[in-house]
Amino acid sequence: MDRRAFLRHSAAVAGAAASGLLVDAWRNDAGAQSLQDLMKTAPNAGTALFGSTEVSAANLKALPQWARVLAKMKSERKLFRACLDNQAACTTAGLRSWREVAAEAKGKPQLEMLKVVNRYFNRWPYKIDRELYGVSEFWATPTEFMKRSGDCEDYSIAKFFALRDLGMANEDLRVVILMDRIRRLGHAVLAVYALGDILILDSLTDLVFSHKKYKHYVPQYSMNETTRWAHFYGKNRTASL
């Protein structure tokens with residue numbers, strides 16, 4: 001994700017948070033008069049993903065790129081599942097890849113399964129959206145990603161749906177859009193709530209670490225198939241944009 005696209009998307013979601021997410025939270029906490037008040041009183045204050053305070057909403061309208069992916073996945077998943085059930089239904093290279101990673105990961109202990117999925121999709125070469133689609137930002141479905149490759153959020157989306165097909169619950173997975181404070185770039189990873197921790201599948205490494213290890217990652221927003229979250233910090237830690 002390029003810097004300009006990151007700033008644009010983060011601003012849009014932050015605006016949605018201010019007008020929607022926080023309203024619901026404030027209704028549940030009469031003492032919260034400001035964002036800082038909410039951050040102090042939120043049950044997850046400073047302990048959520050990457051040490052943030054998060055506020056959720058069940059409305060995905062603020063994320064049109066993600067909404068597009070979810071809409072297309074209604075048909076793609078039928079093809080993926082048919083392929084997983086019957087090898088003869090794997091009629092394209094993408095479907096054969098989907099079956100290959102599922103076969104390699106299936107039945108392994110959970111951490112090993114995550115490592116297999118992370119390593120498998122990290123083999124695709126990194127390509128920017130402008131090169132592939134002629135636009136600054138385009139979120140690809142797994143089929144689109146496996147056909148043309150993509151950038152950071154596309155890796156995360158492919159891993160998200162691969163793990164869903166391997167039996168992981170929607171509520172245990174999130175695509176996370178964040179700022180990498182070391183590289184000063186927008187980035188995306190997949191967060192997996194497993195083994196009593198939040199584990200990160202990152203296109204920059206085949207290793208799978210706890211979110212606590214990534215002090216330089218500052219999440220802006222995250223999402224799964226039903227929910228989005230806005231992430232906030234106190235004044236002592238920001239995205240340093």
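This is a predicted model: local features need pLDDT of at least 70, side-chain atom pairs count only at pLDDT 80 or more; totals for chains, interfaces and linings use all residues.
Figure 1. The disulfide count for the structure is 1. Cys83 and Cys90 are both buried.

**Figure 2. The aromatic pair of Trp124 and Phe145**. The structure has 16 aromatic pairs. In the pair shown here, the ring centres of Trp124 and Phe145 are 5.7 Å apart and the ring planes meet at 35°, so the pair is classed as tilted. Distant parts of the chain are linked by this pair: Trp124 belongs to the loop between α5 (110-121) and α6 (129-133), whereas Phe145 lies in helix α7 (residues 142-148), 21 residues apart. Trp124 is buried, as is Phe145.

**Figure 3. The stacked pair of Tyr214 and Tyr217**. The rings of Tyr214 and Tyr217 are 4.9 Å apart from centre to centre, with 10° between their planes. Both tyrosines, Tyr214 and Tyr217, are buried.

**Figure 4. An aromatic cluster and two arginines placed over rings**. One aromatic cluster is formed by Phe80, Trp98, Tyr120, Phe121, Trp124, Phe145 and Tyr155. The cluster member Tyr120 has the charged end of Arg123 over its ring, 4.2 Å from the ring centre. A further arginine, Arg174, has its charged end over the ring of Trp229, at 3.5 Å from the centre of that ring.

**Figure 5. Strand β4 and its pairing with β3 and β5**. Of the 5 residues of strand β4 (residues 197-201), 4 are buried, so the strand is largely enclosed by the rest of the structure. Strand β3 (residues 185-194) is antiparallel to β4 and is joined to β4 by 5 bridges. Within this pairing, Ala191 stands opposite Ile200 of β4. The two strands β3 and β4 form a hairpin with 2 residues between them, and Leu195 in the turn has a positive phi of about 55°. Strand β5 (residues 209-210) also pairs with β4, in the antiparallel sense, over 2 bridges. The bridge partner of Ile200 in β5 is Phe209. In a regular strand, side chains alternate between the two faces of the sheet.

**Figure 6. The largest nonpolar core and the surroundings of Phe161**. The largest nonpolar core comprises 46 residues, and those with the most contacts inside it are Trp66, Phe121, Phe161, Leu163 and Val192. Helix α8 (residues 152-165) gives the most to this core, contributing 8 residues. Leaving aside residues up to four places away in sequence, Phe161 touches Trp66, Val69, Leu70, Met73, Arg77, Trp98, Pro142 and Glu225. Nonpolar side chains tend to be buried together in soluble globular proteins.

Methods: Residues are numbered from 1 along each chain as its sequence is written. Side-chain values use heavy atoms; hydrogens and water are left out. A disulfide is a pair of cysteine sulfur atoms within 2.5 Å. Buried means under 20% relative accessible area, exposed over 50%, partly exposed in between (1.4 Å probe, protein chains only). Rings of Phe, Tyr and Trp (its six-membered ring) pair if their centres lie within 6.5 Å; planes under 30 degrees apart count as stacked, over 60 as edge-to-face and the rest as tilted. A charge sits over a ring if NZ of Lys or CZ of Arg is within 6 Å of the ring centre and within 35 degrees of the ring normal. Two strands pair if DSSP finds at least two bridges between them. A nonpolar core is a set of buried Ala, Val, Leu, Ile, Met, Phe, Trp, Tyr and Cys residues joined through side-chain atoms within 4.5 Å. Contact means heavy atoms within 4.5 Å.
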